Amino acid sequence: MMNFFKLQGPAARVAPRPDPRDIGGPRQPMLIARNLRKHFPITGGLLGRAVASVKAVDDVSFTVQKGETLGVVGESGCGKSTLARLLMHLVPPDSGEMIFDGQEVGARYGLRLRDLRRNMQMVFQDSASSLNPRMPIEESVAYGPRVHGMGRAEARAHAISLLEQVGLPARLFAGRYPHELSGGQKQRVNIARALALDPRMLILDEAVSALDKSVEAQVLNLLRRLKSEFNLTYIFISHDLHVVQYISDRVMVMYLGEVVEIGPVERIYANASHPYTQALLASQLHADPRNRVTDPPITGDPPNPVNPPTGCRFHTRCPFAEAMCSSTAPRLHPLAGEEGHIVACHMADPSSGHARAGRAGLDRLGMARPLAAKAASEPPCKEGLRA
Ligand SMILES: Nc1ncnc2c1ncn2[C@@H]1O[C@H](COP(=O)(O)OP(=O)(O)O)[C@@H](O)[C@H]1O
Ligand code: SF4
Ligand SMILES: [Mg+2]
């Protein structure tokens, strides 16, 4: 009998199919984000002047290839959701630029915001508040296409077809209201809504985090199927490292508004090189008692993003911090012999002057390396996150 509570095996990486909407060909990145920055002002005093700012996203650059899933991880408050909202232009960036399939977003001769939102859709964690409680779900799904000019009958047929594709047979579900659905069903409706304008890219911000483990597995499998059926590219944001490992091709690790490491998923999980990534991996919970974490490899809360530490923002928690770490911010540096694996740590740069320069990824947080390697080679937990 088929086990609905298990995820399928690791995704086979397939090249994106030819797409009539494709502008620059399969090798042109779907999305390039360059130096994105968002500081939220904190106002005070009688005049409500800005007295400080929350450095939510600071100089973040990355690329997403067509057809891939980029996982984004990091502790709560590190700027993941702000980054997602910046990419969708739900909040305007203070600076930086975005290029979608070769077209600069918002530029005079580039991609208009309206067209960006057609091409790029978002699914949030809170499945209930994303839906209008007074609208049957069929109408919710049809709403976007209707606003974009589709006729009533066509939009309805489209919504019914999408509901079927996300596993909600229209004859049972089309007329239901959100309060008549479970959390997993509501999230399926949100996914159908996100697909309704035929986007090329989805940003999934903690989209499965509120679901029970068994439902989470079903929705993850659905996302994987839809990715192939709709020729999609994903940015998958989650604090859950097991889930990110399961669904991602590459992983980007954020700390206090900055990117500290990016690499192919297997390199990150078996050979994490930034001390923060190693600590995150070592903190993962394991059902196997032999893998229990007894001494937390990372302690204390992240520093305040209003006044982040100087130099390397991780230096206040890093066991390898040296004097230079508090004065000089490390740049993202490619690791020798590891294609596509880049790390913002002085230890990754052989010429940095750090005592361990050039030794990034070697024999670091005593327990982190063996635990991370184990996490990469074993099923993550007993509920069967991997089949
Ligand atoms: N609209 C806002 N105004 C002020 N601060 C904000 C706003 N949105 C987010 N922040 C702050 O920005 C930081 C990053 O938040 P967020 O992007 O939600 O992090 P994450 O999704 O990684 O948990 C946090 O310190 C948060 O309090
Ligand atoms: S730059 Fe220094 S403080 Fe930052 S992660 Fe590397 S060793 Fe640690
Ligand atoms: Mg968030």
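Modeller: We shall take a pair of helices and then the ligands. Please bear in mind that this is a predicted model.

Colleague: At what angle do the axes of helix H6 and helix H7 cross?

Modeller: The axes of H6 (residues 183-195) and H7 (residues 213-229) cross at roughly 15 degrees and come within 10 Å. Because angles under 35 degrees count as roughly parallel, H6 is roughly parallel to H7. The crossing of the two helices is right-handed.

Colleague: Which residues of H6 and H7 make the contact?

Modeller: H6 contributes Gly183, Gly184, Gln187, Arg188, Ile191 and Leu195, while H7 contributes Val215, Gln218, Val219, Leu222 and Leu226. Sorted by class, the contact has six nonpolar, four polar and one charged residues.

Colleague: Let us turn to the ligands. Which residues are around ligand 1?

Modeller: The residues around ligand 1 are Phe40, Val54, Ala56, Gly74, Ser76, Gly77, Cys78, Gly79, Lys80, Ser81, Thr82 and Pro305. Strand S2 (49-64) and helix H1 (80-87) are the elements that give two or more residues to this shell. H1 supplies the largest share, three residues. By class, five residues around ligand 1 are nonpolar, six are polar and one is charged.

Colleague: How many residues surround ligand 2, and which are the closest?

Modeller: Ligand 2 is surrounded by 13 residues, of which Cys312, His315, Cys318, Cys325 and Cys345 are the closest.

Colleague: How many residues of each class does the shell around ligand 2 have?

Modeller: The shell around ligand 2 has 10 nonpolar and three polar residues, with no charged residues.

How values were computed
Residues numbered from 1 in each chain as written. Chains lettered and ligands numbered in written order. Predicted model: local features only at pLDDT ≥ 70, side-chain atom pairs only at ≥ 80, totals over all residues. Axes fitted to C-alpha atoms, helices over the stretch in contact; angles between N-to-C directions. Helix = DSSP H or I, 4+ residues; strand = E, 2+ residues; numbered from the N terminus. Parallel < 35°, antiparallel > 145°, perpendicular 65-115°, else oblique. Left-handed = near helix turned anticlockwise from the far one by under 90°. Contact = placed C-beta atoms within 7 Å. Nonpolar A, V, L, I, M, F, W, Y, C, P; charged D, E, K, R; others polar. Near = placed C-beta within 6 Å.
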